[in-house]
Amino acid sequence: MHDTITVSEIMVTDVVTAPPDATASRAATLLRDEGVSSVVVRDGAPIGIVTEGDFLEHLCERTDLGSVELTDVLSAPLETIAPDTSIVDAVAVLRESGFEHLPVVDGDEGGDLVGILTTTELSYYVPHLARRTGGLGADRPRQRVRTDTQYERDDWTFEYRADNESTVDVGDVARFSKVISESDVEAFAEISGDTNRLHLDAAYAAETRFGERIVHGVLATGLISAALARLPGLTIYLSQESSFLAPVPIDDRVTAVCEVVDDLGGSKYRIETTVTDGDGTTVLDGDAVVLVDDLPPEAAAEDEPVAHD
């Protein structure tokens, strides 16, 4: 499906440009006043680019920005892309080049500048492209180390405190922890359809009571499901009641704690559930009811973990 989405459909068409004899100081002013992260340098056709990263890495300590011309500091040769390129191929170009901005040029070298594509525009599509391009999570190994989950990651942690770790009893406690990253939030927005700007748009979120982007509340609740999935046996969610007490910042380590508080009979249990952020603040609490079945025979018979690349 995403092979058919082209750069022209998502690019920014209002490109901020400057001539090569403009000063670096002028470019910095454009970045600030226009609220953009790059200025394309053009002499008729685009010939280079200056980004906010250039200022942070190379130019911030210079005192002569008012006299330095862009032709002396721009990044060149310029990597461009055609408007009819698929966004799948655009992601591959960005990853291979290491750039975050691609001017969009209609025609061969020297063609018309018609837009610019950045990682910001692509961020809403990248979750779909991860498998195709080796993107999100590609450097995080998945391992088959349990019989009741399909895989685990090295940066996830789980612990289970129980007198008998092969059964579920009152007093048992399961704890699951992971960092909820920006890519997790973007993927959840795309999968669920909850594209509330509070979770995705930093400038928008800065004007809200939270002052920054935050994790979807239901995504944080998902860590409870992750903890329950690792109880002994096959855990089936029957109900969940939750109260959201505080926001969860993006890129924070979040921990779900599930304590079995009541045996309801018939292999059903009531679970007290809490979620805390990296500072130990409780951001969510409530309770759940689960049904715990025996594992299917094939899974129960698996004694040795199998590693997956």
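Mentor: Let's count ring pairs, taking rings of Phe, Tyr and Trp (its six-membered ring) as paired if their centres lie within 6.5 Å, with planes under 30 degrees apart called stacked, over 60 edge-to-face and the rest tilted. By that rule there is one aromatic pair. Trp156 and Phe176 have ring centres 5.9 Å apart and planes at 65°, so they meet edge-to-face. This is a predicted model, where local features need pLDDT of at least 70 and side-chain atom pairs count only at pLDDT 80 or more, while totals for chains, interfaces and linings use all residues. Residues are numbered from 1 along each chain as its sequence is written, and side-chain values use heavy atoms, with hydrogens and water left out.

Where do Trp156 and Phe176 sit in the chain? Trp156 is in the loop between β7 (152–153) and β8 (157–161), and Phe176 is in strand β9 (residues 173–180), so the pair links distant parts of the chain, 20 residues apart. Strands here are DSSP runs of E, at least two residues, and helices are runs of H or I, at least four, numbered from the N terminus.

Now look at helix α7, residues 182–192. Its buried residues include Ser183, Val185, Glu186, Ala187 and Ala189. After α7 comes Gly193, with a positive phi near 85°.

Terms used. Buried means under 20% relative accessible area, exposed over 50%, partly exposed in between (1.4 Å probe, protein chains only).
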